Every structure is written in structure tokens, then in C-alpha cells.
Amino acid sequence: MMVREASYSQAEAVYELHEQARAVYRRALIDKWSDGHPDFDDVFGDIDDGICYTVEENRVIAAFVLDFSGDTSYRAGGGCSWPAGEYAVLHHMSVSADCDLAEVIDAVVDFCTRRCAENGVDSIRCGAHPKELAVCDALIKCGFENCGRFRTPTGEERSAYCKVINGEE
């Protein structure tokens, strides 16, 4: 698997992965991204900002955002016990339904851990819908700890996960 920064030519593939994820959430009665977010404009904005990445294996099989700007949804408070220090946020992750979710998440987390270490960032923060059990389990297996719960700006509840980097590579 190769992880790299997404290009504009991959925007449609990234958006299609988000649409596939939305369909899975609807079928599982998970109220996530039901408001259409992230939409195509979000994908282009993330590519513009250089924070959208793809996982490729002969095609785009996953996409995610790694944001170093200090997304306010992931700040201290709101029932979470985030560790102190600089952090990056891993979000907008979509994985093709025909791929091994745990294997892809492992590759994503490995990439994000290296990028954080290179940038002197102390931790990776991530939110998952409490009903996304496979995602929650995969994050724990990749070294994340559950830090409580928080609400997104649209009021959706998320389980909070954090992986402390401490310069590990």
C-alpha cells in the first residue's frame, strides 16, 4: 500500500469513497455524514490545503485528512481527556468496502505517526462514531487510547481517540 498526498485528479475517487461510506452508515443506521459533509467542495478544499491523502493499491482504496492546524473540535474539554501538547487530527477517513479495514487503518496510522514525528507533533487525535465498532477496534490495535466523547460542530457525538507519538517512528 502506498500513502501519498491526494491530487486534483483523484478528487472524484476520494468523493466516491465518502459516498460509499455514507451508504454504509445509512444501512447500519449510523448517523454520520448524513448532512452531506464532507462534500465535493470539502474534498477540493482539503486537496488545496495539502491535507488530503490517499491510500493506493493499483487504485485509490482509501482517503483521509491529516490536519496539523489544531481543529477546534478536538481541543480540550467537552468530556474528553486529551493529552497536553501539539496534535494533528486524523479525520474524513473512508475505506473501500472491498478492502481489509484494519489493514488500511494500520497503514494510515503508520503514515500519520511518521508525519507527526517528523513535524514534532506530540499526538494524533481522531474521532469515530460510537457505533463504528470495527474502526474503534482498529484504532485501539494501532495504539490509540479512548479519551472519552465529544460533539462535532454539527452536534454529532464521537468517541475520542488519541495516540501519543513522543518521537517514536
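View 1. Helices (H or I, at least four residues) and strands (E, at least two) are DSSP runs, numbered from the N terminus. S4 gives the largest share, 6 residues. This is a predicted model: local features need pLDDT of at least 70, side-chain atom pairs count only at pLDDT 80 or more, and totals for chains, interfaces and linings use all residues. Residues are numbered from 1 along each chain as its sequence is written, and side-chain values use heavy atoms, without hydrogens and water.

**View 2. The centre of the largest pocket has Tyr25, Lys32, Trp33, Met93 and Glu132 nearest to it.** The lining holds 44 residues. They divide into 24 nonpolar, 10 polar and 10 charged. The pocket volume is about 830 Å³. A pocket is an open set of points on a 1 Å grid where a 1.4 Å probe fits, with protein on both sides within 12 Å along at least five of seven lines; lining residues have an atom within 4 Å of a point.

**View 3. Cysteine 80 is in no disulfide.** The count of disulfides (pairs of cysteine sulfur atoms within 2.5 Å) is 0. For cysteine 80, the nearest cysteine sulfur belongs to cysteine 147, 7.0 Å away.

**View 4. Cysteine 147 is buried, at 7% relative accessibility.** Its closest cysteine sulfur is in cysteine 162. At 4.9 Å, that sulfur is too far for a bond.

Technical notes. Grid points are joined across faces, edges and corners, and a volume is the space filled by probe spheres set on the points. Ala, Val, Leu, Ile, Met, Phe, Trp, Tyr, Cys and Pro count as nonpolar, Asp, Glu, Lys and Arg as charged, and the others, Gly among them, as polar. Buried means under 20% relative accessible area, exposed over 50%, partly exposed in between (1.4 Å probe, protein chains only).
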